[in-house]
Amino acid sequence: MHWRVQAVAAAVCSAVLALSGCGAQSAADGSSNATAAVSASDSATPQGPTIAIGVSSDLPGLGYRHEGGYVGFDIDVAGYVANALGYGDKQIVFTPVAPSERAAALERGDVDMVVAAFGMDERNERAVTFAGPYLNVHPSMLTRGDSRAASTDDDGDAGGAVDADDGEDAGDGVTCVVRGTIMQERLGSDDALRSYGTYGQCMTALMVGSVDGIAADDAILPGLSRNHRGTYRIEPIEAASADSDAGVADVIGYGVAVRRGRVELASKIAGALRAMIKDGTWRSYVDANLTPLGYALPQAPASDAVAVH
């Protein structure tokens, strides 16, 4: 996975200077391997001005801490964007952020951008400014192989998981959601839902039987299931009727988030994402990170659909 480190024009440098820790020095032209860059940025002393990027650390295929560095589709996307803004690989500092802390980390200035399976919806767009989408995903449910997935009924309520053998409710049909995610917001606070801070905690709860399913999206769930023992299956969550307040959107777009109001920076990020889609790099990242996990090969977002939100 190689990409060209784009030269920094004067207009781009002015945006980069606004990022925390950025000085007048610009990144040198060159090329490097994305995976190697991830490891180096996490373990070596950064060289020159840096950019801090909030990422996931527990999502195999998307953002995952591995052997002292970070790997995954989101990590590669983050590296591409940082390079486009003029940062060399050793100037990138990846910082793990929990879903519930993504917007707060940007507001506090802990990170300069977030690339962490961050879904764009009206609520999140009130908290941060997005550039995207760079990946379109669909609401889904992960269940153990011996039980039927909790589904969303016509009223938008999470239904109970039912044991396939005897037809009785298994574990009271409890569905796990991660705090701070679109799925938690859309499915509401029903008694049949249990929230945790991370997907790893949800996965542990599913493995020990304290929940019957994990509601997330179809890019997150394959990595979770492949990385743990047992037999699991993924089923789509049907969209609720149009008049349901608790319905789940058919499509969720991932976006690169910056602090609310940083429109100029978001515009430059959107330009980098469009270039990534057009030059074929997007497809190579999907093939390297998501396809091996069994993720159904998605279509790239239309480059002209990538915008500032």
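In the predicted model, five strands form an open sheet of mixed pairing, arranged in the order 13-12-14-11-15. Its edges are strand 13 (193-196) and strand 15 (232-236), each of which pairs on one side only. From one strand to the next, the twist averages 30 degrees. Strand 11 (residues 139-144) and strand 15 run antiparallel and are joined by 5 bridges; S140 stands opposite P236 of strand 15. Helix 7 (residues 199-208) lies across strand 11, strand 12 (175-178), strand 13, strand 14 (213-217) and strand 15.

In soluble globular proteins, nonpolar side chains tend to be buried together. The largest nonpolar core of the model comprises 68 residues, and the most contacts inside this core are made by I53, F73, M113, Y134, L135, I269 and L273. Beyond its neighbours within four places in sequence, I269 is in contact with V81, L85, M113, A131, V256 and V258. Another core, of 12 residues, lies apart from the largest one and includes V97, V111, V114 and A116.

The side chain of N289 makes a polar contact of 2.9 Å with the side chain of D76. The N289 side chain also reaches the backbone oxygen of Y285, at 2.9 Å.

Methods. Residues are numbered from 1 along each chain as its sequence is written. This is a predicted model: local features need pLDDT of at least 70, side-chain atom pairs count only at pLDDT 80 or more; totals for chains, interfaces and linings use all residues. Side-chain values use heavy atoms; hydrogens and water are left out. A polar contact is a pair of N or O atoms within 3.5 Å; within protein, one must be able to donate a hydrogen and the other to accept it, and residues adjacent in sequence count only if both atoms are side-chain atoms. A nonpolar core is a set of buried Ala, Val, Leu, Ile, Met, Phe, Trp, Tyr and Cys residues joined through side-chain atoms within 4.5 Å. Buried means under 20% relative accessible area, exposed over 50%, partly exposed in between (1.4 Å probe, protein chains only). Contact means heavy atoms within 4.5 Å. Two strands pair if DSSP finds at least two bridges between them. Helices (H or I, at least four residues) and strands (E, at least two) are DSSP runs, numbered from the N terminus. Axes are lines fitted to C-alpha atoms, for helices over the stretch in contact, and angles run from 0 to 180 degrees between N-to-C directions.
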